[in-house]
Amino acid sequence: MAFDYDLFVIGGGSGGVRAARVAAQEGAKVALAEEDRYGGTCVIRGCVPKKLMVFASEYGDMVDDAQAYGWDIKPGAFDWNVFRGKLYAELDRLENVYRGILKNNGVDTYDQRAKIADAHTVELTDGTRKTAKHILLAMGGRPVKPGIPGDELGITSNDIFHLEKLPESILIVGGGYIASEFAGILNGLGVNVTQYYRGAQILRGFDDEARGLVSDEMCQKGINLHLGTNIVRMEKDGDKIRVVATNGDENLFDQVMFATGRVPNADDMGLEEVGVELGRKGQVVVDDYSQTAVPSIYAVGDVTDRVNLTPVAIREGMAFVETVFKGNPTKPDHELIPTAIFTQPEMGTVGLSEEDAREQEPIEVYATSFKPMQQSFAGRSERVLMKLVVSQKTRKVLGCHIVAPGAGEMIQLAGIAVKMGATKEDFDRTVAVHPTMSEEIVTMKSPTRTG
């Protein structure tokens, strides 16, 4: 049969837009539907605005540091309205960039919600139906609240950028990277931040030593972190929110933000009705080539709940185009993905944690923690961590973990070496760049511990 399109993409985030653009450049006739804003979680309500908030929040310490270095400058006040206005303008600009990418590559766009009608048909909100040889699901995910009494009084990370004013106090519930990043951001902007996490330590799944240092430094910076603590209930109390915690504490906060989990945007899409399998968390189940149980329907990005990172969604979208439109079956590579967590201090990580590596094979651990020169000279006590986890048998660096200012920039470059299979001796043969923090990665000669 003749189809309206070779490819119909549902979702205008990073993965969907990349797949649509590259497929169109290969000569395919492509359409894309997006019910909200183009750019998806990352551009509109995630990594981009969050990173701009990280930048804004770090300027507070710079005044004290500059004075310590001899600069005659005076502290000022942070103006949320000025920042928010510029933030909105930047997000509008980026959304227009995404729209322009699609338009310039001949992709038809529909600013509507799309659902699956059958294996080759999508139905738009206005009732219009479009057929396609291939359909790509790229709807992403969304934050969810935990379902406790009164949680409708709280906000999520989606809402934080739209606050009319910064609260004087906020409770952040959760211990993952989103919760911990926003704890640092808001603390840096002058908000009195309390963080509750039900687990024994924040940033579960990351290297224990690295996340322990992040936790310690967050507390040193004034974040009121309560581990092993959760909310029992919340209720309105005047213009504040009264929170009752599992440890019996009762406190009043101006805002409560939940960063307690995300779910795929796969519900009410007509997927199961046409044979697309959904997993236990509501994710679209796909094979190694991002193909669902319906051969004409594929899925990439957070809606598949594989590795929920923007660059991964883009790689999955590219692999999909290679497979379907270039005749080159390609599996997205999910191994050894470098990751940055923009806590304060930042954490950069690639490969195995010390704990996971030790379960796998005998290892050597090379680690050093110290006060970096720039901050130490200014009288600050923050510490950084440089750490390599090495296989005793192959000498390969199995994991690299950095906690330091600029850790995200460092781990991108270290990630190349680890991905290539570099050994500890390869690191040792590399001449240090002095004086830098990162030189410690190539100057650690003796193992800190083995196991």
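Start by selecting T343, which sits in the loop between strand 18 (339–341) and strand 19 (347–351); strands here are DSSP E runs of at least two residues, helices are H or I runs of at least four, and both are numbered from the N terminus. You're looking at a predicted model, where local features need pLDDT of at least 70, side-chain atom pairs count only at pLDDT 80 or more, and totals for chains, interfaces and linings use all residues. Residues are numbered from 1 along each chain as its sequence is written, and side-chain values use heavy atoms, with hydrogens and water left out.

Stay on T343 for a moment. Is T343 buried or exposed? T343 counts as buried because its relative accessibility is 1%, and buried means under 20% relative accessible area (1.4 Å probe, protein chains only).

Then pick S180, E181 and V214, which T343 touches, leaving aside residues up to four places away in sequence. Contact here means heavy atoms within 4.5 Å.

Now zoom out to the whole protein. There are 13 helices and 23 strands to color. Of the 451 residues, 49% count as buried. Show the contacts between residues at least 6 apart in sequence, and 62% of them join residues at least 24 apart.

Last stop, the surface: the protein exposes about 20900 Å², with carbon and sulfur atoms supplying 49% of it, as computed by the Shrake-Rupley method with a 1.4 Å probe.

Conventions
Buried means under 20% relative accessible area, exposed over 50%, partly exposed in between (1.4 Å probe, protein chains only).
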